Amino acid sequence: RDPSFLFFLVLSVQWIRSESAQPYPTANMTKYIVPSAGIGAFLSSYFGWDYFTRERKLSSLNEAVKCLNESSRVDEAIDFIMRSDIERSRDHLSSLSTRSLGALAGHGWKLVNAVPVRKFPKHDSDMEIERILQKFDLGEEFQAALDWLNRVPCDEDELSCTDEWFGRRPSRLAYLQRILQVLFLKTEKPSNTIHLDTTIVQFLYTMWKEYREDNKDLAVLALKTLANIAALGESYANAVLESEWIRILSNLVVNGISFEERIIAHKVFRNALHSLGLINYSLSADIYELYLCMGEPVIDVVLIHGLRGSVNYTWRQKDYFHNRTLTECWPKDWLPRDIVDPIRIIGIEYPSYLLQFTGTMESLQSRSDRFSEQLERAGVGSRPVVFICHSLGGLLAKKLVLDWLKLRGQTVGILFIATPHKGSPIADWGYEIVSEDVKFLRQRNDLNKKLDHDFSKIHDSIPIIASMIETKESNLIGRTKGIVVPRESAVYSRGALYHIEEIHHDMCKPSERTSPSYGVVLNFLRDSIVEARKRPQPPAK
């Protein structure tokens, strides 16, 4: 690297060559050993000891394909193949295993469209779809959904007719919606799918293809169910990756019409690769991987939305719906550009409602139990973790850290965004018809008080805690305005505090990368990463 070193190196080599021409009596061996050892020590100290032991970079497509097929240096191999010339890569298509193709397709590899796939037969009649569904035995609930299609409506004067069978025959869309809802719920756990064969992959393809343009909800539900199916085992993963699905999903990952389509397609690939043994985690029904760096992440960033939120709705840029050019998910699009360290971003989703009888009600404890299991399955807890939480999501994060000892040991930071640690006065307005979520947010709720008290006992184990407080009044009922989570509730007893000039629901929706709220997120993550790097790092894969 500098002239003096090169001069010394040349002189040393010349000296050894001249001496090597002489006889080698044993007494003179030190003459050669000492200089050689000295030169080796000098080179090692100059370049570093790992200079001679570090793995050299991949240099050819053959080598990259071989590594990927053998699950060795996977990220490096994917990166090399993705960057390689398309025409040169085409010659290696037949050499790639199914799981290697799945790994490349999951990154939107253009050559996936040239991969030979199994074509699905086209079903033109309802009877053919019903015949496929009748093959599955998923219990009484599923059979009841099938029977619902074939029911015969009763006449009004038939007294023996029950309410369930009274009325008109359900529409085909209503029937398929119910079938897919049951399938989605049943396929969350492998124990429920013992009588489900890979024909389900074909059925879901038919549903998605037929309804993508006319019924978005039905098409998305088909994709979500496919993600569950891909996690069920090797045969299901192969059925997805060796069929027309691989081309469709690879295109959706990059060019999906909606953000929701893109992250669900990504989930299908990750679950399939887990079933085929290429990765060591899977993504359950309520877990979404929004961003994954190449190589080993320093931290997992876990996003938790609040009341009536979702991964698809909560984390979008402010005023997204008024300008379609804005980002649909600022953590996914902005953080990898502004955080230089490798990170993974996870979003969790749970249903929550304002009123009773609107949907399934869950307690904070049941959510904690469910997400502890799902997050662990997603690999969360194997490296340092930070939480970014909006409103009710902050209370769920506190409960998760309290209940899951392993997670507590790995949590290096929590950012509370307008979190009602002591409830919200707005929740006190409601009558008894409000949901359990709203009741939990009342200022005198004993469960929330206990949660705050219990968390205060362990919060010192978390190095970085920060809180963001809303300062603008939100539109409430009619012309009434008010602060949803006032300062005395939003301020946690420990950590940094930031006042943000936004209403409650926009606290987690920065309008620009220069927004104060986004600046708080960046500083919080950078501080958390400093803490994470103090901990032992997992070995590189």
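Okay, let's start with a network: Arg270, Glu289, Glu296, Asp300, Arg344 and Arg383 are linked by salt bridges. By salt bridge I mean a side-chain nitrogen of Lys or Arg within 4 Å of a carboxyl oxygen of Asp or Glu. Side chains of opposite charge can pair when their charged atoms come close.

A word on the source: this is a predicted model, where local features need pLDDT of at least 70 and side-chain atom pairs count only at pLDDT 80 or more, while totals for chains, interfaces and linings use all residues. Residues are numbered from 1 along each chain as its sequence is written, and side-chain values use heavy atoms, with hydrogens and water left out.

In total, the structure has 28 salt bridges. Let's look at one from the network. Arg383 and Asp300 meet at 3.0 Å, N to O. They sit 83 residues apart, with Arg383 in the loop between α17 (364-377) and β4 (385-390), and Asp300 in strand β2 (residues 299-304). Helices (H or I, at least four residues) and strands (E, at least two) are DSSP runs, numbered from the N terminus.

So, buried or exposed? Buried means under 20% relative accessible area, exposed means over 50%, and partly exposed is in between, using a 1.4 Å probe and protein chains only. Arg383 is buried at 7%, and Asp300 is buried at 0%.

Next pair: Lys224 and Glu260 form a salt bridge at 3.9 Å, N to O. Lys224 is in helix α11 (residues 216-230) and Glu260 in helix α14 (residues 259-275), 36 residues apart. Lys224 is buried at 19%, and Glu260 is buried at 15%.

Last one: Arg56 bridges to Glu63, with the closest N and O atoms 3.2 Å apart. Here Arg56 is exposed, at 52%, whereas Glu63 counts as buried, at 18%.
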